[in-house]
Amino acid sequence: MFFPLGVRDFLDRAELVYPDRIAVVDEPDQVAPSWGSLTYRDVARLARGQAAGLDALGVPAGGRVAIVSHNAARLLVSFFGVSGWGRVLVPVNFRLAAAEIRYIVEHSGAEVLLVDPELRHLLDTVTAKHVFVLGDGDEEIFGSTAAPNPWEGDESATATLNYTSGTTARPKGVQLTHRNLWINAAVLGLHVTLSDNDVLLHTLPMFHANGWGMPYAVTGLGGKHIVLRKIDGTEILRRIDQHGVTVLCAAPAVVAAALDGAAAWEGEIPGRDRVRLIVAGAPPPTRTIERVRAELGWEFIQIYGLTETSPLLTVNRMRSEWADLDPHEQARSLGRAGTPALGVRIGIDPDGEVLAQSNTNLEGYWQNPEETAQVQAGNWFHTGDGGSFIDGYLTIADRKKDVIISGGENVSSIEVEDALNSHPAVREAAVIGIPDSKWGELVTALVVTDGTEVSADEVITHCRSHLAGYKCPKRVEFLEALPRTATGKIQKFKLREPFWKGHDRQVN
């Protein structure tokens, strides 16, 4: 017997087994009216209402629905209400500039655009056939009581289209299928030992690689979702204390925020010996891992992956064989990217690039067959990261693609360079990531001018008119010339050398 895997399976099970259990506690402090506490019966009703609402709008199976939102219950429901009945959810990074969001909406061919009320200004320049502001149009978006049109289910169908910054100036749409997302959620849940007793605090943006699969996994197991709209270290600790949180996912910048919050917290740190902290985005320093375990008393789990891999590829979690090591050595062991997750094969090509085979690798890049063929050459996914694979453990050593990971977000150096080079005083520019204790990597611009006097602040301000804030350089240095090869290519490794001196790997 063959029964297709689909993301609605997770919600169907939760509604069947845990209908009256509190499923979601929405963010109380938001512009739209908070949905408060929802049971799994409520979540399923709202998802069906959304599916029926899309039926009424004439959006067919395979039609794209874009949503630009901070973390919110409405976004969480949309993972099921859109994809669960055959449409394609396009979760968009709300931090992007309007021009970038417009490109994604247009490139994806989204028929429906849902926008957080705090981002209402986007509608001045971004549009679609059907546009709604969340909180204003809830009755039409989620309120239908009609039965949705049935969808037979196809595990090879695209469920979400996630746009990621790559090495080109334009983001690429990553097609993730129902099969990709189902297997990723199940395998991640297995490796981090999720259960129906778990309470997840959404410190990770839900749009980011679909919350790493947690919206599906926690739902399928009947856990509780606590929605956090904006990151604040003290508020993270307060929510952990208030809701009995047991697990959270975080980029290194969020880890730093939690540690800062703990420094001013009075009394016992909430979640000690209870919380599992799952970290990805960039390998944190050994000292940070030590501090998480000692100062917060939380378990540290590191995972590695990419949007293109749904995202889980490797997992690193404390094991009994390390019990006799001192805390520093344990932290060093946990600093590696980890071992292949169940069903994943890891390889290293002759140039040192990390390769992966799994059931969670992308179907392809939306309307980009050339990039798809390149990234899947030889039936391996080419990560663009350099590393080593020894004794079953992957260690990331450098980044072969020119992508900077700052605060857990991908920043294309080429995209930033394009913005810099549009300044009339800039003759040429190179963008690199340099180590930073808070952000992991700091976006840094190395600029050669045409002789015109220009300040670092002026250059940064110029970039802000073209790019999302997190992509803009935080540091600008002026050089007489950029080092180049005989064929004219900029030698970025020479630019990185003085900043990374003393570091044993070229990511932070």
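**View 1. The largest pocket and the residues around its centre.**
The largest pocket of the predicted model has a volume of about 660 Å³, and 28 residues line this pocket, those closest to its centre being R95, I231, V254, G407 and W439. Readers who wish to find the pocket in the structure may therefore begin from these five positions, since a pocket is an open set of points with protein on both sides.

**View 2. Composition of the lining of the largest pocket.**
Helix α9, which spans residues 252–263, contributes the largest share of the lining of the largest pocket, namely five residues. By residue class, the lining of this pocket comprises 13 nonpolar, eight polar and seven charged residues.

**View 3. The second largest cavity and its lining.**
A search of the whole structure finds four cavities of 30 Å³ or more, and the second largest cavity has a volume of about 70 Å³. The residues that line the second largest cavity are Q50, G53, L54, L57, V65, V112, L114, F132, E140 and I141, and they divide into seven nonpolar, two polar and one charged.

**View 4. Helices and a strand around the second largest cavity.**
At least two lining residues of the second largest cavity are supplied by each of α2 (40–57), β5 (112–115) and α5 (138–142). Among these elements, α2 provides the largest share of the lining, with four residues.

Note on methods: Residues are numbered from 1 along each chain as its sequence is written. This is a predicted model: local features need pLDDT of at least 70, side-chain atom pairs count only at pLDDT 80 or more; totals for chains, interfaces and linings use all residues. Side-chain values use heavy atoms; hydrogens and water are left out. On a 1 Å grid over the protein atoms alone, a cavity is a set of points where a 1.4 Å probe fits but cannot get out, and a pocket is an open set with protein on both sides within 12 Å along at least five of seven lines; lining residues have an atom within 4 Å of a point. Grid points are joined across faces, edges and corners, and a volume is the space filled by probe spheres set on the points. Ala, Val, Leu, Ile, Met, Phe, Trp, Tyr, Cys and Pro count as nonpolar, Asp, Glu, Lys and Arg as charged, and the others, Gly among them, as polar.
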